[in-house]
Amino acid sequence: MSHQESHGSVKSYVIGFILSIILTIIPLVLTLKHVISGTTLIVSIVAMAVLQLLVQLFFFMHIREKDGDKPRYNVWALILGLFIVFVIVAGSMWIMTFNAQVA
């Protein structure tokens with residue numbers, strides 16, 4: 001019985017690791033050195049976080065790899081997870097807004 005699992009190469013893991021480190025250091029330097037502030041800082045931190053999420057998905061969780069005719073359960077699980085997070089965040093913001101108007 002042959003069971004093959006797809007794993008990334010060492011080169012792929014090293015590139016992903018280096019990109020993750022860079023995407024962690026950039027917001028840290030922007031914050032500690034007070035290069036930018038306010039809304040621009042928050043937007044840049046969120047942008048780096050989204051980029052780091054994509055790096056993690058592509059380089060470490062192998063989202064882009066195809067397994068032939070097998071269903072893409074990992075992609076569907078990711079979509080479901082994102083939907084659940086969206087519902088929780090949007091619902092929390094809606095409740096907080098409603099509570100702020102009542103008080």
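Author: Let's start with contact, which here means heavy atoms within 4.5 Å. By that rule, residues 24 or more positions apart account for 53% of the contacts in the protein chain with a separation of 6 or more. Some ground rules: this is a predicted model, where local features need pLDDT of at least 70, side-chain atom pairs count only at pLDDT 80 or more, and totals for chains, interfaces and linings use all residues. Residues are numbered from 1 along each chain as its sequence is written, and side-chain values use heavy atoms, with hydrogens and water left out.

The overall layout is quick to describe. The protein chain has three helices and zero strands, so the pattern along the sequence reads α-α-α, since helices (H or I, at least four residues) and strands (E, at least two) are DSSP runs numbered from the N terminus. The unreviewed UniProt entry lists residues 12-30, 36-61 and 73-96 under "transmembrane region"; its positions are given in the numbering used here, feature names are shortened, and annotations may be inferred rather than shown by experiment. In the model, residues 12-30 are 100% helix and 0% strand, with 27 Å between the end C-alpha atoms. Residues 36-61 come out at 85% helix and 0% strand, and there the end C-alpha atoms are 33 Å apart.

Now for the opening helix, α1, which covers residues 10-32. On its outside, V10, V14, I15, F17, I18, L19, I21, I22, I25, I26 and V29 form a nonpolar surface patch, with about 900 Å² of accessible area together. Patches take residues with over 30% relative accessible area and no salt bridge, joining like charges within 9 Å and nonpolar side chains (Val, Leu, Ile, Met, Phe, Trp, Tyr) within 5 Å. The areas come from the Shrake-Rupley method with a 1.4 Å probe, and for residues only the protein chains shown count as cover.

Of the 103 residues of the protein chain, 14% count as buried.

S20 is also in helix α1, but this one is buried, at 8% relative accessibility. Leaving out residues up to four places away in sequence, S20 touches Q52, V55, Q56 and F60. With Q56 there is also a side-chain to side-chain polar contact at 2.8 Å. That term means a pair of N or O atoms within 3.5 Å; within protein, one must be able to donate a hydrogen and the other to accept it, and residues adjacent in sequence count only if both atoms are side-chain atoms.

Across from there is helix α2, residues 39-60. L57 sits in α2 and is buried at 10% relative accessibility. L57 and G16 are 41 residues apart in sequence, yet their C-alpha atoms are 9.7 Å apart in space. Beyond four places in sequence, L57 touches H62, I63 and L78.

S44, another α2 residue, is buried at 13%. A polar atom of the S44 side chain lies 2.8 Å from the backbone oxygen of L41, and S44 touches L30 and I36, again skipping residues up to four places away.

Finally, H34 lies in the loop between α1 and α2 and is exposed, at 67% relative accessible area. H34 has a positive phi of about 55° although it is not a glycine. Most residues other than glycine have a negative phi.

Key:
Salt bridge = Lys/Arg side-chain N within 4 Å of Asp/Glu carboxyl O. Buried < 20%, exposed > 50% of the residue type's maximum accessible area, 1.4 Å probe, protein only.
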